[in-house]
Amino acid sequence: MDSVEEMASSGIPTRQILSSLRQKNPGLQAISRNVYNSIRKIREEKLGGRTMVQALFEELGEGEFFYNIKHDENGCLTHIFFAHPNSIILTRSFSHVFVMDCTYKTNKYKMPLLDIIGVSCFNTFFYSCFTFMEKERVEDYVWALTMFREVLRPNCQPLVIIFDRELALMNAIRVVFPSATNLLCVWHIEKNILSNCKRHFEAKEDWDAFMSSWNGVIRSSSEIDFEKNWRLFEELYKERREVLTYIEKTWLPFKEQFVDAWAEKFPHFKHRVSSRAEGAHAKLKAYFGRIRIPHNCNNAFFKEVVMKVSMHALKELYKQYEMVKHGTMDPSCTGHFLSSMGLPCAHKMMTTWKDGVLPISSIHSQWRIDSLSLTCSDGMMNEEDNFKEMRSELQDKFKKWPIMHKGKAHATISQLVSASLHSLREPSIGSKQKRGSSSTQRDPSRFEIVEKRRKCSGCKNSGHDIRTCPSKNKVSEQISYSVANSLDERVIGGIDLNMVPDLDFVSSFN
């Protein structure tokens, strides 16, 4: 039983647990149902008579999570927000850029999980907080973002929030964080275009040329360039009206949120996609022991910034320094690097500090480690101290109250102490799940289905098979043409035409 509990808690599937048990004990008479029953018994023992909701709240409380809940009129849990204390510290220390994304198939209640991810000065990702929501409506997102705002420092607003084209989330951000800049994930845009437009291109070369032209539109460095590139794009694909209509209606209304001409004016620190970085659970503490001076930055120009900015920032600065050194920067400065990265560009280095020292004041606070403090001494983290002061004040006043007031106070306090969240119930599951739907593996995205369409075994292109392959039909036509030209009425060199194999039969060998 102990080995089953250990393997189950590690997330090992039941069939593998059974295989492991049989390897250790070849004579074991057990089936999968026995393992399932053992795991269920272990879980019931761990619950100790508590409901799943009660156990969840106790776990969050013991872990000192900051959390909040919402329930419906029937007492069913509909929303739960939670953030680990260490995540709160990181969120407050790096509160400039956040990535927001919903994931699915994480629970049997089919509640979408909104995870909010931050970016550290080391250019690594960390999980800020999570919210299980009833649905993906504007009011659901507003509640989640309002709780996220409680995690941030007082009166703090993120500079940039990155997400995919989720209109409900977009509207909720405008309500809770009106001053934040919203950027759309360029990777999601590309995959959505693939899902909706690739079927209109038979040849791979045509599709690649289309995507290259579209990327040219996205990478327009100015509004004038965008207008020029878009007109060229329209001219090139004016015959593919469905493709242009899709892009015009779906993406062009949000061009300010993904085209370089607008997006590069904001400090996103080179984060333009919402895909999660692997290893986001890793603690930043492990990186502090790695702070050192890169040998190529060990010169007078960088003396004010070394040991005061992160390694990633130093590497980016040195790339710009190299451009100045070798004269490889662009003739004109767009200002995009400075505005999007919060670091001085090569042009700034050359014109302002060419013979001097790079000042620490020119570095955005996102990259500073000299002023970084991974502590939370204000706001929410002071609630325990505030409660102690309130309890002490109440105790002093209680001694001076008359018996009647003491009785009322005692009854009120007893009610608060005995009150719990035990009356809350688990979220409603809704419709009965179909067999096999309990898997947590995500469903394939539409663009993945499009990319995996069966390809022709002849020409290797998608959109048809070997029977309808255009190249095969072309070969058949060539054979037909050559045979027809060699016919002398019904006889070819004395051979009866009826002896010539059928053309369809001949073409089947090609």
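Helix H4 lies across strands E1 and E2 (77–83), and its direction makes an angle of about 15 degrees with that of E2. The model is a predicted one. Its strands E1 to E7 form an open sheet of seven strands with mixed pairing.

- E1 and E7 are the edge strands, as each of them pairs on one side only.
- From one strand to the next, the twist averages 20 degrees.
- Strands E3 and E6 pair in the parallel sense, with three bridges.
- Val99 stands opposite Ile162 of E6.

**Helices across the sheet**

- H4 spans residues 52–62 and lies across E1 and E2.
- Helix H5, made of residues 85–93, lies across E1, E2, E3 and E5.
- The angle between H5 and E5 (125–132) is about 120 degrees.

**Strand E7 and its neighbour E6**

- E6 (residues 160–163) and E7 are paired in the parallel sense over four bridges.
- Within this pair, Ile161 has Asn182 of E7 as its bridge partner.
- Between E6 and E7 the chain passes through helix H7 (residues 167–176), and this β-α-β crossover is right-handed.
- E7 covers residues 181–184; Thr181 and Leu183 point one way from the strand, while Asn182 and Leu184 point the other way.
- All four of these residues are buried.

**Two loop residues with positive phi**

- Glu64 sits in the loop that joins H4 to strand E1 (66–71).
- The phi of Glu64 is near 55 degrees, which is a positive value in a residue other than glycine.
- Glu64 counts as exposed because its relative accessibility is 62%, and the cut-off for exposed is over 50%.
- Lys110 lies in the loop between strand E3 (97–103) and strand E4 (113–119).
- Lys110 is not a glycine, yet it has a positive phi of about 60 degrees.
- Lys110 has a relative accessible area of 49%, so it is classed as partly exposed; that class lies between the limits of 20% and 50%.

Technical notes. Residues are numbered from 1 along each chain as its sequence is written. This is a predicted model: local features need pLDDT of at least 70, side-chain atom pairs count only at pLDDT 80 or more; totals for chains, interfaces and linings use all residues. Side-chain values use heavy atoms; hydrogens and water are left out. Buried means under 20% relative accessible area, exposed over 50%, partly exposed in between (1.4 Å probe, protein chains only). Two strands pair if DSSP finds at least two bridges between them. A crossover is right-handed if, with the strands pointing away from the viewer, the path from the first strand over the helix to the second runs clockwise. Axes are lines fitted to C-alpha atoms, for helices over the stretch in contact, and angles run from 0 to 180 degrees between N-to-C directions. Contact means heavy atoms within 4.5 Å.
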